[in-house]
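Colleague: I am new to this structure and would like to learn how to read it. Could you walk me through some features, with the general idea and then the case here?

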Amino acid sequence: MKFFIDTANINQIKEANDLGVLDGVTTNPSLMAKEGISGRNNVLDHYVNICNIVNGPVSAEVIATEFNAMIKEGEELAALHKNIVVKIPMIKDGIKAIKYFSSKNIKTNCTLVFSAGQAILAAKAGATMLSPFIGRIDDSSWNGIQLIEQIVHIYENYNFETEVLAASIRTPLHIVQCAEAGAHIATCPLDSILGLLKHPLTDIGLEKFIADYKKVEA
Ligand code: E4P
């Protein structure tokens, strides 16, 4: 399973990249706003800065919701850097735009996915990646991981090439469950990635190894 980081924060992207296990980045308009990035030129520059840090796909989301405007915006984003993946919302014009970009070999990430039916449509349109929002599903007392399992199963039935990119991850356990469910990619906050490191027996064991080493050495 590939690891993407789900942030527009440059320091967090650098920290995750320095771990050596980072495969890409996802952003969205809310994450850009959280970093105070505003104005079209600043937004475009920020995407290029991210692409210059991480050697992998970087999702940049269109703001437009009408087909022609989505194409214009998506083409502008795709021209920024070879690593840019155009992020398109799961709406009717979005499906048309995904089909268009697929015919032009421009990579897409279909976002705001909450059902298997939406996942089928996006794969039929040729989406490169599909982002089911598992945390937001759990927030509404449905089961996000079950949706990942269902979509992976459907895609396997028909050899769809669209990669399942589990998004809206809240915890390290979500990451493990996504791996069990067969997600191709998990996009995670830095805290959830670092949370995978934690186990008290590792800390206790390491403390004892160091203490025992020091006894003999002394
Ligand atoms: C990623 O592509 C999504 O935009 C993101 O994971 C949404 O996460 P949230 O539900 O925590 O906002």
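Colleague: Leaving aside neighbours within four places in sequence, which residues is Gly94 in contact with?

Modeller: Contact means heavy atoms within 4.5 Å. With neighbours within four places in sequence set aside, Gly94 is in contact with Met70, Ile88 and Pro89. Gly94 is found in helix H5; helices (H or I, at least four residues) and strands (E, at least two) are DSSP runs, numbered from the N terminus. Before we go on, this is a predicted model, where local features need pLDDT of at least 70 and side-chain atom pairs count only at pLDDT 80 or more, while totals for chains, interfaces and linings use all residues. Residues are numbered from 1 along each chain as its sequence is written, and side-chain values use heavy atoms, with hydrogens and water left out.

Colleague: Is Gly94 buried or exposed?

Modeller: Buried means under 20% relative accessible area, exposed over 50%, and partly exposed in between (1.4 Å probe, protein chains only). Gly94 has a relative accessible area of 0%, so Gly94 is buried. Gly94 and Ala122 are 28 residues apart in sequence, yet their C-alpha atoms are 9.0 Å apart in space.

Colleague: Which residues of helix H6 are buried?

Modeller: The general idea first: an α-helix has 3.6 residues a turn, so residues three or four places apart point the same way. In H6 (residues 116-125), the buried ones are Ala116, Ala119, Ala122, Ala123 and Ala125. Their cover includes helix H5 (92-103), strand S5 (108-113), strand S6 (129-132) and helix H8 (144-158). After H6 comes Gly126, with a positive phi near 95°.

Colleague: Where should I look for positive phi in a residue other than glycine?

Modeller: Most residues other than glycine have a negative phi, and most peptide bonds are trans. Ser141 has a positive phi, near 65°, and sits in the loop between helix H7 (134-139) and H8. Ser168 has a positive phi too, near 60°, in the loop between strand S7 (163-166) and helix H9 (172-181). Ser141 is exposed, at 69% relative accessible area, whereas Ser168 counts as buried at 7%.

Colleague: How many aromatic pairs does the structure hold?

Modeller: Rings of Phe, Tyr and Trp (its six-membered ring) pair if their centres lie within 6.5 Å; planes under 30 degrees apart count as stacked, over 60 as edge-to-face and the rest as tilted. The structure holds 5 such pairs. One of them joins Tyr155 and Phe160, edge-to-face at 5.5 Å centre to centre with 75° between the planes. Tyr158 and Phe160 have ring centres 6.1 Å apart and planes at 45°, so that pair is tilted. Tyr155 is buried at 3%, Phe160 is partly exposed at 23%, and Tyr158 is exposed at 58%. Elsewhere, ring pairs link Phe67, Tyr100 and Phe101 into a cluster.

Colleague: What lines the largest pocket?

Modeller: Rolling a probe the size of a water molecule over the atoms shows where empty space is left. On a 1 Å grid over the protein atoms alone, a pocket is an open set of points where a 1.4 Å probe fits, with protein on both sides within 12 Å along at least five of seven lines; lining residues have an atom within 4 Å of a point. Of the 23 lining residues here, Asp6, Asn28, Leu31, Lys34 and Pro189 are the closest to the centre. Helix H2 (29-34) and helix H10 (190-195) each supply at least two lining residues, and H2 gives the most, with 3 residues.
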